[in-house]
Amino acid sequence: MVLLGGGYTGVWAARRMTRAVRSGALRDVRIRMVSAEPEHSFHGWTAEVITGHVRPERARVPLTQLLPGVELVHGRVGAVDPRRRTVQVQTATGLRQLSYDQLVVGVGSRDATERVPGLAEHAWSLKDPDGLAALRTHLDTLPPGATIVVAGAGFTGVEAATAIAQQVPTARVLLAHPGPVALPMLRPRFSRVADYAIDQARRCGVEFIPGARLLRVSAEGAELDTEGFVASATVITTIGQTPVALPGLDAFARDASGRLATDRCLGVAPGIWAGGDVAAVPHPSGQGACPANALWAIYHGKRIGANLVRTLQGRAPRPFTFPGLGQGASLGVGRGAAELYGVQLTGWPAWLARWVFFHWFMPSRRIGLVTALDWIRPRETVGTDDSAYLYATA
Ligand SMILES: Cc1cc2nc3c(=O)[nH]c(=O)nc-3n(C[C@H](O)[C@H](O)[C@H](O)COP(=O)(O)OP(=O)(O)OC[C@H]3O[C@@H](n4cnc5c(N)ncnc54)[C@H](O)[C@@H]3O)c2cc1C
């Protein structure tokens, strides 16, 4: 079995299969994971990594430590050949060809840098783990009064802008978005939650610029269609993601945003499965496709893993039935904004619910526990590095 991508989909699918191998339910199975990054990134803690509440290494765990029993191939998939059942991978030592019986496509999405000239070269990415680490260092070196432009007012943009405003209180943080209001995905049903989040962000000093489309980014700043040129050495993009398109899979159906269409069991074609941001998986409610976020990717991965086990045992795969849980953001400790099973929560209840869920869904119980303990440890000891112990036992 070959899994493409070491994100949420790949990790949770692999864990389900290695469990079956360990229990003896599966025999003579070789599980390989190809990942461009040697680590699994837990993006949900991005704001907390910026504010220093979560140590960067907690949100970025080496895959070799996380997935014992899985052979890791560190490299970038160049192409898939579904007819020959092979995958071409560019590794540091050269091109490798891997054959598969079953393939899991979990390569996720990438920053949609093609949408705005200069974004790829001059903007900071929160998706790229190295970029996030570099951004933290950069924020520490900003002179007082520096202007920071965050483009995009979805959950990630609002959370990140607020975290930056808290971390660099002397900076001017502008949040530019093309729509009339921020957090449009919460409206109209969860408008109370959205308004609370915006109010909290404003209290931290974030200035919202509605109706402002990002036209161009340069080393000197950002050009917004309503404001003109804004001088800034720090332009951060959260304007959206584009599914990663792998050559060789072009013949398969996609939805309007370019995600690979799957059936209800997450199959794309015989021997090929897909989940997470790269896949348009039918929502169990029968209405549209599942949203692209971490929780759905985790459950897609779990279902793909279980279906692979069933397939190898000669049993029929089962449909994806996870109904969803909700969505949430943190605007600082005790200031959460969430929707849980359709119920609107703000303040401490929302913050605590998100805190518990995020630790629960960390890629191992031990990492979740150690990350949770960091919150009550004195901040000076949080700086000491016990990651070697953590990863050795993960
Ligand atoms: C800054 C940020 C904050 C977020 N916050 C939240 C949040 O709070 N809650 C939430 O639910 N969701 C959040 N998300 C969204 C969430 O991270 C994604 O929905 C989730 O990561 C999707 O999982 P995935 O498995 O599809 O892909 P990913 O987790 O992105 O994993 C994709 C994997 O594929 C690898 N890969 C890509 N291309 C190739 C290739 N050609 N060859 C080999 N490997 C490749 C990558 O290296 C990576 O390992 C956030 C995203 C970002 C960027």
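**Core.** I began with the largest nonpolar core of this predicted model, which holds 110 residues. Leu4, Val105, Val150, Val158, Ala161, Val173 and Ala197 touch the most other members. Domain 1 (2-110 + 241-312) and domain 2 (113-237) both give residues to this core, so I place it between them.

I then picked Val105 and listed its contacts, leaving aside neighbours within four places in sequence. Val105 is in contact with Leu4, Leu246, Leu260, Ile272, Trp273, Ala274 and Val278. Of these, I note that Leu4 is, like Val105, among the core residues that touch the most other members.

**Domains.** I looked up how the chain is divided and found domain 1 (2-110 + 241-312) and domain 2 (113-237). Their centres, taken over C-alpha atoms, are separated by 29 Å. The contact takes 11 residues from domain 1 and 13 residues from domain 2.

Which elements give two or more residues to the side of domain 1 that touches domain 2? I found strand E3 (39-41) and helix H2 (46-51). H2 gives the most, with 5 residues. By class, I read 4 nonpolar, 3 polar and 4 charged residues on that side of domain 1.

**Ligand shell.** I went on to the 30 residues around the ligand. Gly5, Gly7, Gly108, Gly276 and Ala294 come nearest. The shell has 13 nonpolar, 13 polar and 4 charged residues.

I checked which elements supply at least two residues of the shell, and listed helix H1 (8-22), strand E2 (32-35), strand E5 (71-81) and helix H8 (294-312). The largest share comes from H8, with 3 residues. I also checked the domains: the shell draws at least three residues from each of domain 1 and domain 2.

**Helix H7.** I turned next to H7, residues 191-203. This helix has 13 residues and reaches 18 Å from its first C-alpha to its last, close to the 18 Å expected at 1.5 Å a residue.

Which residues of H7 are buried? I listed Val193, Ala194, Tyr196, Ala197, Ile198, Gln200 and Ala201. An α-helix has 3.6 residues a turn, so residues three or four places apart point the same way. One of the buried residues, Ala197, was already in my notes as a core residue that touches the most other members.

What covers the buried residues of H7 includes helix H6 (155-167) and the strands E13 (206-210), E23 (326-330), E24 (336-340) and E25 (343-347). Last, I looked just after H7, where Gly205 takes a positive phi of about 105°.

Note on methods: Residues are numbered from 1 along each chain as its sequence is written. This is a predicted model: local features need pLDDT of at least 70, side-chain atom pairs count only at pLDDT 80 or more; totals for chains, interfaces and linings use all residues. Helices (H or I, at least four residues) and strands (E, at least two) are DSSP runs, numbered from the N terminus. The expected span of a helix is 1.5 Å times one less than its number of residues. A residue is buried if 20 or more other C-beta atoms lie within 10 Å of its own, exposed if 12 or fewer, and partly exposed in between; C-beta atoms are placed from the backbone. Two residues are in contact if their C-beta atoms, placed from the backbone, lie within 7 Å. A residue is near a molecule or strand if its C-beta atom, placed from the backbone, lies within 6 Å of it. Ala, Val, Leu, Ile, Met, Phe, Trp, Tyr, Cys and Pro count as nonpolar, Asp, Glu, Lys and Arg as charged, and the others, Gly among them, as polar. Domain bounds come from an automatic or database domain assignment. A nonpolar core is a set of buried Ala, Val, Leu, Ile, Met, Phe, Trp, Tyr and Cys residues joined through C-beta atoms within 7 Å.
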